[in-house]
Amino acid sequence: MAQKLATTARTGRDNQRYGAQGERLVAGVVPLSNDKTKVLLIQSTRRGGWVLPKGGWETDEGTAQEAACREAWEEAGIVCTVVKDLGTIPEMRAAQELTDKAPKAAYQFYEVRVDREASEWPEKDKRGRQWMTYLQARQSLQTRPELLEALNRSTIIK
């Protein structure tokens with residue numbers, strides 16, 4: 001079944017899924033180049049810097065994998081195929097870093113193959129994207145341990 005590509009990004013948390021402890025359920029991707037030497041990062045809209053594509057798993061999505069691929073499209077403009085489940089990563093931020101806009105979360109990440117990079121995508125005007133080596137990405141993700149853990153679980157060539 002082909003992935004339906006929206007022209008606008010979803011906003012808000014009205015349909016957000018939450019876990020048993022009230023944590024926000026977040027799905028994301030680690031998009032690797034075909035030769036596995038690079039990962040595609042996107043610019044964060046809230047914190048600045050670079051992050052992996054990720055976002056809330058919503059109640060109308062049957063699986064976290066579906067949510068992860070939607071987020072990859074909305075934020076990075078990529079159509080992708082999941083190749084590996086990287087598992088769930090618990091919240092790693094300190095309590096003082098949690099806010100109403102960035103509450104406690106549980107992250108489900110997938111390594112994906114990038115099938116297509118679009119020139120237009122829903123959040124193109126809000127985010128840049130850049131292919132980075134493992135070392136560049138590790139440096140960029142150093143303040144986001146949950147994202148670095150997802151990268152380290154992937155098969156990227158280190």
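Visitor: In which strand does Val51 have its place?

Guide: This is a predicted model, and in it Val51 belongs to strand β3, which covers residues 50–51.

Visitor: Why is Val51 called buried?

Guide: The relative accessibility of Val51 is 6%, and since buried means under 20% relative accessible area, Val51 counts as buried.

Visitor: What does Val51 touch, once residues up to four places away in sequence are set aside?

Guide: With those residues not counted, Val51 touches Leu41, Ile42 and Ser44, and also Leu141, Arg144 and Leu147. As for Leu40, which is 11 residues away along the chain, its C-alpha atom and that of Val51 are separated by 9.0 Å.

Visitor: How do you know that β1 is mostly covered?

Guide: Nine of the nine residues of β1 are buried. Arg24, Val26, Gly28, Val30 and Leu32 point one way from the strand, while Leu25, Ala27, Val29 and Pro31 point the other way, and all are buried. In general, the side chains of a regular strand alternate between the two faces of the sheet.

Visitor: Where is Glu111 found, and what makes it buried?

Guide: Glu111 is found in strand β6, residues 105–117. Its relative accessible area is 2%, and because the limit for buried is under 20%, Glu111 is buried.

Visitor: Why is the link between Glu111 and Lys36 called a salt bridge?

Guide: A salt bridge needs a side-chain nitrogen of Lys or Arg within 4 Å of a carboxyl oxygen of Asp or Glu; the N to O distance between the side chains of Lys36 and Glu111 is 3.3 Å, so the pair qualifies. The pair links distant parts of the chain, with Glu111 in strand β6 and Lys36 in the loop between β1 and β2, 75 residues apart. Lys36, at 31% relative accessibility, counts as partly exposed, because that word covers values between 20% and 50%.

Visitor: With which side chain does the side chain of Glu111 make a polar contact?

Guide: The partner is the side chain of Thr155, at 2.7 Å, and Thr155 is also among the residues in contact with Glu111, as are Val30 and Leu32.

Visitor: How many salt bridges does the structure hold?

Guide: The structure holds 11 salt bridges. One of them joins the side chains of Arg70 and Glu71, at 3.0 Å from N to O; Arg70, at 10% relative accessibility, counts as buried, and Glu71, at 6%, counts as buried too. Asp115 forms a salt bridge with Arg113, the closest N and O atoms being 2.8 Å apart. Salt bridges that share partners also join Glu61, Arg70, Glu71 and Glu74 into one network.

Visitor: Where does Arg17 lie, and why is it called partly exposed?

Guide: Arg17 lies in the segment before β1. At 23% relative accessibility it counts as partly exposed, because this value falls between the 20% and 50% limits. A polar atom of the Arg17 side chain lies 2.6 Å from the backbone oxygen of Glu61, and the C-alpha atoms of Arg17 and Trp57, 40 residues apart along the chain, are separated by 5.8 Å.

Visitor: How do you know that Cys69 is in no disulfide?

Guide: A search of the whole structure finds zero disulfides, and for Cys69 the nearest cysteine sulfur, that of Cys80, is 3.7 Å away. A disulfide requires two cysteine sulfur atoms within 2.5 Å, so the distance of 3.7 Å is too far for a bond. Cys69 is buried, with a relative accessible area of 11%, and Cys80 is buried, with 7%.

Methods:
Residues are numbered from 1 along each chain as its sequence is written. This is a predicted model: local features need pLDDT of at least 70, side-chain atom pairs count only at pLDDT 80 or more; totals for chains, interfaces and linings use all residues. Side-chain values use heavy atoms; hydrogens and water are left out. Helices (H or I, at least four residues) and strands (E, at least two) are DSSP runs, numbered from the N terminus. Buried means under 20% relative accessible area, exposed over 50%, partly exposed in between (1.4 Å probe, protein chains only). A polar contact is a pair of N or O atoms within 3.5 Å; within protein, one must be able to donate a hydrogen and the other to accept it, and residues adjacent in sequence count only if both atoms are side-chain atoms. Contact means heavy atoms within 4.5 Å.
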